Amino acid sequence: MTRHVVVVGAGPAGLAAADAALGAGARVTLVDEAEQPGGQYHRMLPEAYAAARPERLHHGWRAFDARRRRVLAHPRCAWWSETAVWALERPDPAEPGPPRVHVLRGPSDGGGRDRQVLHPDALVLAVGAHDRVLPFPGWELPGVFTAGAAQALAKGERVVVGDQVVVAGSGPFLLPVAASLIEAGARVREVLEASTPATLARGWGRRAWELAAQAGKAAELAEYSALLARHRVPYRTGRTVIEARGDGCVEEVVTARLRPDWSVVQGSERTVAVDAVCVSHGFSPQLELPLAAGCALLATPAGEFVEVDGDQRTTCPDVYAAGEITGIAGAPAARVEGALAGWLAAGGDRNTVSVRRLRTSRDQGRAFTARLARAHPIGADWSGWLRPETVVCRCEETDYATVCRAATDESTSAPRAAKLATRAGLGPCQARMCGPTVAEIGARLRGPGDDDRDITGLPAPGDDDRHIAGLPPASEHRRPIARPIRLGDLAATPETTATSASNSRTEESSS
């Protein structure tokens, strides 16, 4: 019997998973909220632009384009664009197999979207991650962008966020963001890496021979470095943006040198005139769907990620995970994990030579994940940048002083009580942006304990590296609705229940 594999996410990991599952003989439904596959890494211009050079700003375009065409044209693949997964449901906990997949089809800002339910034989989650941004005075001003948003506009629309831009934060992602802005026509004043030279040297230099397996990344680094040199863009380490200023929008930023713990070196402050600043302090995996499925998480020094075994299987039966929700290692590693997950989810032979090679490459990617975390850690004293009035939760406009008072007041120090007292995490983003920040502030002020949880329900940073098996009892920490949904859509009866990719294609053509 042909297996039906649902792949959620069409970035590098998801597209590779779909390709591999098709190669193993499965029917595939590939689901993504975007209009076209590619994710952030291969974000494409709209077809209406009729771009003469769509490969511009992309690495590995030919391989991606070939895979994209192969997957979308395959007779056993249904491509569901502009489709949001809002819930994963297993009505009976004893029911074997993966959960049902509830989706809404249609533009995210539109009404009357088509509600459908998928019943897969296996589910691959490849939903990726989003930028993590640490707050600083003025970060709520118009003109302050996450680096990912700035890159998305440059790649997907050829729109620059400003004419004079500073790119700041931590991690290799700053380089492709700066490159995208330059290619789209902005002037990048400087790129600021917060990690100090000593921290970078320790992280990247330890067991340096292992980097031979990442030759492709070295080539990308050389290309970005050459681009910055041609445009005379300085790359400074141990320095970052600690404040944004302006009357109604960003007009200048204050940068400063940092110590290894990210405390500011007094007297090193410098003001730079800009009309935009792009900031990223690493990535946070999008864990809403894995948690909704009941997948266990693994706490690591870099944060919480989905726990998977050697076959990319999660602790939830017939649910696989790939890409940045299992660890941040970049697009090549995500593709390898996706290919392994897709092949095995489809019931492919797990003992072939190609699978053994994928496992080897995957293990090399995991080693790169650990190296990346060592080279670009978030310093413990970043909160020294903040002032009492600095906004921490932008949705609810909760400031730093309010969070500190709640964390140190015995009556509100428990995470749930602090959440209600401060309203941090209760806004539209549901703690996706401010959750890790508030958790770190609270853990520092009151000290983490065995029962400490951040406002998302996950352990606060500083907990030991223990398995969090669904944070038992799982019902207390798993949101039944993984993303915002209109009440009208929630109340509607699903019009179609799709049970296979072939049925999905038929139903789509008849709707």
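Biologist: Which way do helix 3 and helix 4 cross, left-handed or right-handed?

Modeller: Helix 3 passes helix 4 in a left-handed crossing. Keep in mind that this is a predicted model.

Biologist: OK, and which residues make that contact?

Modeller: On the helix 3 side you have Ala 147, Ala 150, Gln 151, Ala 154 and Lys 155. From helix 4, Pro 176, Val 177, Ser 180, Leu 181 and Ala 184 take part.

Biologist: What's the angle there, and how far apart are the axes?

Modeller: The angle is about 35°, and the axes of helix 3 (residues 147-157) and helix 4 are 9 Å apart.

Biologist: How many residues of helix 4 are buried?

Modeller: Nine of the eleven residues in helix 4 (residues 174-184) are buried, so the helix is mostly covered. Among them are Pro 176, Val 177, Ser 180 and Leu 181, which also touch helix 3.

Biologist: What comes just after helix 4?

Modeller: Gly 185, which takes a positive phi of about 115°.

Biologist: Switching to helix 8 and helix 9, how do those two pack?

Modeller: Helix 8 (residues 331-345) packs against helix 9 at an angle of about 140°, and their axes are 9 Å apart. That angle makes helix 8 oblique to helix 9. Their crossing is left-handed.

Biologist: Which residues meet there?

Modeller: Helix 8 brings Ala 333, Val 336, Glu 337, Ala 339, Leu 340, Trp 343 and Leu 344. Helix 9 answers with Val 355, Leu 358, Arg 359, Ser 361, Arg 362, Gly 365 and Arg 366.

Biologist: Let me pick on Arg 362. Is that one buried or exposed?

Modeller: Arg 362 is buried, with a relative accessible area of 4%. The cut-off for buried is under 20%, so that value counts.

Biologist: Now helix 1 and helix 2. At what angle do they cross?

Modeller: Helix 1 (residues 12-23) and helix 2 (residues 61-73) cross at roughly 50°, and their axes come within 10 Å. That makes helix 1 oblique to helix 2. This crossing is left-handed.

Biologist: And which residues meet?

Modeller: Leu 15, Ala 16, Ala 18, Asp 19 and Leu 22 in helix 1 meet Phe 64, Arg 67, Arg 68, Arg 70 and Val 71 in helix 2.

Biologist: On to the rings. How many aromatic pairs are there in the whole structure?

Modeller: A search of the whole structure finds three. One of them is Trp 204 with Phe 368: the ring centres are 5.6 Å apart and the planes are at 45°, so the pair is tilted.

Biologist: Where do Trp 204 and Phe 368 lie?

Modeller: Trp 204 is in helix 5 (residues 197-205) and Phe 368 is in helix 9 (residues 353-375), so the pair ties together parts that are 164 residues apart in sequence.

Biologist: Is Phe 368 buried or exposed?

Modeller: Phe 368 is buried, with a relative accessible area of 10%, whereas Trp 204 is partly exposed at 23%.

Biologist: Last one: which residue lies over the face of Trp 80?

Modeller: Arg 105 does, at 4.1 Å from the ring centre.

Terms used. Residues numbered from 1 in each chain as written. Predicted model: local features only at pLDDT ≥ 70, side-chain atom pairs only at ≥ 80, totals over all residues. Heavy atoms only, no water. Phe/Tyr/Trp six-rings, centres within 6.5 Å; stacked < 30°, edge-to-face > 60°. Helix = DSSP H or I, 4+ residues; strand = E, 2+ residues; numbered from the N terminus. Buried < 20%, exposed > 50% of the residue type's maximum accessible area, 1.4 Å probe, protein only. Lys NZ or Arg CZ within 6 Å of the ring centre and 35° of its normal. Axes fitted to C-alpha atoms, helices over the stretch in contact; angles between N-to-C directions. Parallel < 35°, antiparallel > 145°, perpendicular 65-115°, else oblique. Left-handed = near helix turned anticlockwise from the far one by under 90°. Contact = heavy atoms within 4.5 Å.
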